[in-house]
Amino acid sequence: MKLRFLCWMVFLFVLGSRHVGAQSLQSFVDRSWIVEKSPVTFFIQYPAQLEQIYAKNNYRRLWYDLNSGLALEHQLELIKYAGISPLFDRQLRYLTLYRERKSWYEYDLLATDTLLMFLSYAEQAPQEGMTWFFKLKLNHRLSAPSKEAMFNLEMAFELHTIIDLINEYAPRDKSYFQLVKAYDFLGSIADASLPLYQPNTVITPGNTLPDRRTLITRLALVNIDTTRINPEGDYYDDSLVTAVQRFQHMHGMKADGVIGATTLRWLNMTIADRRRLLALNAERMRLWPRQEQASIVVNVPEYKMTYWFEGDRVFQSPVIVGRRSRPTPLITTRLDSLVFNPVWNVPHRIMVEDILPLAIEKPDYLKRHNIEVVKQWRDTEVIAPETIDWQAMNPYRFPYKMRQSAGENNALGLYKFNTPNRRAIYLHDTPHKELFDNTVRAYSSGCVRVQDARGFAQLLMKTPGLTTEPTGEDEASSNFSVALKQRIPVRMIYQTVWYEQGELHYRADIYRYDRLKRKGR
């Protein structure tokens, strides 16, 4: 009676819960599975599918193996920590309650229904995940799983391979398993009392080092080997400097061993916050397909581009991405051609917000930057800047367009890697190579600037190659384009935690997408 009363109270409190009706579960009531109008019926999402599944199994319990239920609960816990869906949070809460109270019939029914919900989530994540993982939480009822998923589910119940089915609908990338492994490890020590590391000043190699043991403990949280570091002493010696440099490298900082504000912020991240990042980025891996034979991947928070060809990583380069006010969009497109000595057709927003105010303020600005004023970008006739009344000009009503002539000082540099898409986002060279000296490189207006653009262009000319070889006349031209033999998928992704070369890497949330999930949107 207490359980029924508690469930009824929660139902009245939770807005949007839907009563599927005792009639739709009458078969279970008739077989004394549950009491008529039991609160569990309020949380059932797929009554018709449940009837089908249990009818085929003669209305027997299906979750005899507790490990299968725990595997499902583990997946729901990841979704909960990621902050993706209150619907899954509710299901997990009641599964836990029924398990702890040993209410096995209610648990069985809710577990099967929630597994259907999980399968539907896994199937839809590649299409809907951009919203769920970066914008709005999943608050609506999901459609039933596909016929293929239903068949897989029925076979799993028949063969007693539920755990295998659950694992099959998780991301298959090895990085996913490493993120989950770290999540589970931190969960095993979540209740431990870990003091913050709080030195009174910036610590540089060779300095006196306060509270050595706490620093070592904090480093060990991210699996840095500290077993050979002497926990005694008050000196910042080489063994600890090396460990701190490793920690800084893992978190995208300059690995100088100096323990300053940024290093301390990462060191003192709470276990709960680190687990939340691991869970969220593990779920985000449902969005990004496994590596194809050829693909270009730009991980925006990492400021890095990777080119895969025939299954091998053949090229990497640091990149510059969009600043917070003009973020690089998370899109999938294709690289179809290589443009030499590109002309830059200035996008309207950049023209209005960046260039026109400078042109109004400095009469020679356009000439110094080789920017032409034209009616249309392809026009050969150029409008003389001196014929324009700049002082009377409203930038938002400027009737012309602008383009920058090809050359070393062109904003696109000497190479443009053309990726047609409606947002006009592409990869390109840049004349401002000095910006790559910075560890934080969110400066562009959305496009991706490649540090070693020349090396990338030379590789593309061989792998996959060009449809036609540039002639001497082409190379002498100020601007020409050649198509690639093979169009290459290009993906702009956003992973603030990932696994690479034996360790996890963390990066700052430059667009605050991680924070959106924490704030409960």
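Modeller: Gladly! Let's begin with Val297, whose bridge partner in strand 12 is Arg491. Please keep in mind that this is a predicted model.

Biologist: What makes strand 1 and strand 12 a pair?

Modeller: Pairing asks for at least two bridges between two strands. Strand 1 and strand 12 (residues 480–493) have 4 bridges and run parallel, so they qualify. Strand 1 also pairs with strand 2 (residues 304–309), here in the antiparallel sense and over 6 bridges. In strand 2, Val297 stands opposite Thr306.

Biologist: Why is strand 1 described as largely enclosed?

Modeller: For strand 1 (residues 294–299), 6 of the 6 residues are buried, so the rest of the structure largely encloses it. Ala294, Ile296 and Val298 point one way, while Ser295, Val297 and Asn299 point the other, and all are buried.

Biologist: What makes the buried residues of helix 3 a single face?

Modeller: In helix 3 (residues 47–56), the buried residues are Pro47, Gln49, Leu50, Ile53 and Tyr54. Down the helix axis they fall within an arc of 155°, so they line one face. Ala48 and Lys56 are exposed, on the face turned away from the buried side. After helix 3 comes Asn58, with a positive phi near 55°.

Biologist: Why is the contact between Asp108 and Arg61 called a salt bridge?

Modeller: The rule asks for a side-chain nitrogen of Lys or Arg within 4 Å of a carboxyl oxygen of Asp or Glu. For Asp108 and Arg61, the N to O distance is 3.8 Å, so the pair meets the rule. Asp108 lies in helix 6 and Arg61 in the loop between helix 3 and helix 4 (66–82), so the pair ties together parts that are 47 residues apart in sequence. The count by this rule is 18 salt bridges.

Biologist: And are those two residues buried or exposed?

Modeller: Buried means under 20% relative accessible area. Asp108 is at 0%, so it counts as buried; Arg61, at 19%, is buried too.

Biologist: How do the labels fall for Lys433 and Asp429?

Modeller: Their side chains meet in a salt bridge at 2.6 Å, N to O. Lys433 has a relative accessible area of 35%, so it is partly exposed, whereas Asp429, at 7%, counts as buried. Elsewhere, salt bridges that share partners join Arg323, Arg326, Arg349, Glu353 and Asp354 into one network.

Biologist: Last one: what makes Phe417 stand out in the largest nonpolar core?

Modeller: That core has 157 residues, and Phe417 is among those that touch the most other members, together with Leu115, Phe118, Tyr121, Met402, Leu427 and Phe456. Helix 6 (residues 104–134) gives the core its largest share, 15 residues. Phe417 itself lies in strand 8 (residues 415–418). With a relative accessible area of 1%, Phe417 is buried. Its contacts include Leu335, Tyr426, Leu427, Phe456 and Leu460.

Biologist: And Phe118?

Modeller: Among the residues Phe118 touches are Leu72, Ile79, Phe88, Tyr169 and Arg286. Arg286 in turn forms a salt bridge with Glu283, with the closest N and O atoms 2.9 Å apart, and both of these residues are buried.

Methods:
Residues are numbered from 1 along each chain as its sequence is written. This is a predicted model: local features need pLDDT of at least 70, side-chain atom pairs count only at pLDDT 80 or more; totals for chains, interfaces and linings use all residues. Side-chain values use heavy atoms; hydrogens and water are left out. A nonpolar core is a set of buried Ala, Val, Leu, Ile, Met, Phe, Trp, Tyr and Cys residues joined through side-chain atoms within 4.5 Å. Buried means under 20% relative accessible area, exposed over 50%, partly exposed in between (1.4 Å probe, protein chains only). Helices (H or I, at least four residues) and strands (E, at least two) are DSSP runs, numbered from the N terminus. Contact means heavy atoms within 4.5 Å. The arc is that of the directions from the helix axis to the C-beta atoms. Lists of a residue's contacts leave out its neighbours within four places in sequence.
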